[in-house]
Amino acid sequence: MSARGLFRVVIVLVLGSLLAACATNASLRNSYAISATGPYLLDTGDVLRVTVFGEADLSNTYQVDDRGCISFPLTGPVEVRGATTQIAASRVAAALANGYLRNPNVAIEVANYRPFYIQGDVAAPGQFPFVYGMTVRAAISTAGGFTETANRDRVLIYRRQNNQMVKGRVDLDFPIFPGDTIVIEDRWF
């Protein structure tokens with residue numbers, strides 16, 4: 001094979017690699033189609049403020065345990081994982097109505113969201129409290145900012161969706177949710 005033919009093969013291989021990389025990055029972004037506008041779904045680590053109107057002894061804060069339940073007085077565990085606060089309130093009311101209270105009126109709100117996690121090239125990786133409206137940029141700032149070797153263009157988020165863990169590459173202004181794991185990769189050069 002001539003030098004010119006070899007050069008053409010190398011060019012085709014390089015261009016093919018670049019196109020494949022672009023397709024992979026696009027598929028990662030497209031495979032991570034999430035909605036930041038849906039209702040908030042409860043999960044392990046959330047702390048709920050439960051108010052049972054007319055029953056001050058039952059009104060308190062309760063943490064969602066590893067099974068996705070809150071341990072409620074009188075009724076025992078009530079499953080709330082994957083439910084909105086309104087659905088969780090109706091589940092607690094139904095449990096209380098089952099032999100304990102007549103027509104219970106229950107309201108639930110999130111007192112503290114479960115934490116988010118950040119790993120990789122940030123000054124202080126770890127677990128941090130979630131604040132409603134946070135973006136990746138705010139999460140990185142919470143963790144002390146980028147390190148010198150951080151790749152500021154490569155941010156991955158791992159998020160549980162529909163009982164599956166998904167990952168995707170996102171930009172710095174992407175909203176995060178409680179329970180997200182953010183990974184800041186290092187740059188190669």
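**View 1. Thr181 is found in strand E10, which spans residues 181-186.** The coordinates are those of a predicted model, in which local features need pLDDT of at least 70 and side-chain atom pairs count only at pLDDT 80 or more, whereas totals for chains, interfaces and linings use all residues. Residues are numbered from 1 along each chain as its sequence is written, and side-chain values use heavy atoms, with hydrogens and water left out. Helices (H or I, at least four residues) and strands (E, at least two) are DSSP runs, numbered from the N terminus. With a relative accessible area of 17%, Thr181 is buried, where buried means under 20% relative accessible area, exposed over 50% and partly exposed in between, for a 1.4 Å probe and protein chains only. Apart from neighbours within four places in sequence, Thr181 is in contact (heavy atoms within 4.5 Å) with Tyr117, Gln119, Leu156, Ile157 and Tyr158.

**View 2. The whole chain is made up of three helices and ten strands.** Read from the N terminus, the order of the elements is α-β-β-β-β-α-β-β-β-α-β-β-β. The chain has 189 residues, of which 34% count as buried. Among contacts between residues at least 6 apart in sequence, 53% join residues that are at least 24 apart. The mean pLDDT, which is the predictor's confidence in each residue on a scale from 0 to 100, is 83 for the chain, and 79% of the residues reach 70 or more. Over residues 17-32 the pLDDT stays under 50, and for this stretch the model has 14 contacts beyond four places in sequence. Where pLDDT is low, the predicted coordinates should not be read in detail.

**View 3. Helix H2 covers residues 85-97.** From the first C-alpha to the last, the 13 residues of H2 reach 18 Å, close to the 18 Å expected at 1.5 Å a residue; the expected span is 1.5 Å times one less than the number of residues. The buried residues of H2 are Thr85, Ala88, Ala89, Val92, Ala93 and Leu96. Seen down the axis of H2, these buried residues fall within an arc of 135 degrees, so they line one face of the helix, the arc being that of the directions from the helix axis to the C-beta atoms. An α-helix has 3.6 residues a turn, so residues three or four places apart point the same way. The partners against which the buried residues of H2 pack are strands E1 (47-52), E3 (69-72), E4 (76-79) and E5 (106-112). Just after H2, Gly99 takes a positive phi of about 100 degrees.

View 4. Ala89 is buried, with a relative accessible area of 7%. If residues up to four places away in sequence are not counted, Ala89 touches Val106, Ala107 and Ile108. Between the C-alpha atoms of Ala89 and Val52, which are 37 residues apart along the chain, the separation is 9.3 Å.

**View 5. Ring pairs link Tyr40, Tyr113, Phe130 and Tyr132 into a cluster.** Rings of Phe, Tyr and Trp (its six-membered ring) pair if their centres lie within 6.5 Å, and planes under 30 degrees apart count as stacked, over 60 as edge-to-face and the rest as tilted. A search of the whole structure finds five aromatic pairs. Tyr40 and Tyr113 form an edge-to-face pair, at 5.0 Å centre to centre and with 90 degrees between the planes. Tyr40 lies in the loop between helix H1 (3-31) and E1, and Tyr113 in the loop between E5 and strand E6 (116-120), so the pair ties together parts that are 73 residues apart in sequence. Tyr40 is partly exposed at a relative accessible area of 24%, and Tyr113 is partly exposed at 27%. The rings of Tyr113 and Phe130 have centres 5.3 Å apart and planes at 80 degrees, so this pair too is edge-to-face. Phe130 lies in the loop between strand E7 (126-128) and helix H3 (136-142), 17 residues from Tyr113, and counts as buried at 9% relative accessibility.

**View 6. The charged end of Arg159 sits over the ring of Phe177.** The distance from this charged end to the ring centre is 3.9 Å; a charge sits over a ring if NZ of Lys or CZ of Arg is within 6 Å of the ring centre and within 35 degrees of the ring normal.

**View 7. Asn162 is found in the loop between strand E8 (150-161) and strand E9 (164-170).** At 76% relative accessibility, Asn162 counts as exposed. Asn162 and Gly82 are 80 residues apart in sequence, while their C-alpha atoms are 8.9 Å apart in space.
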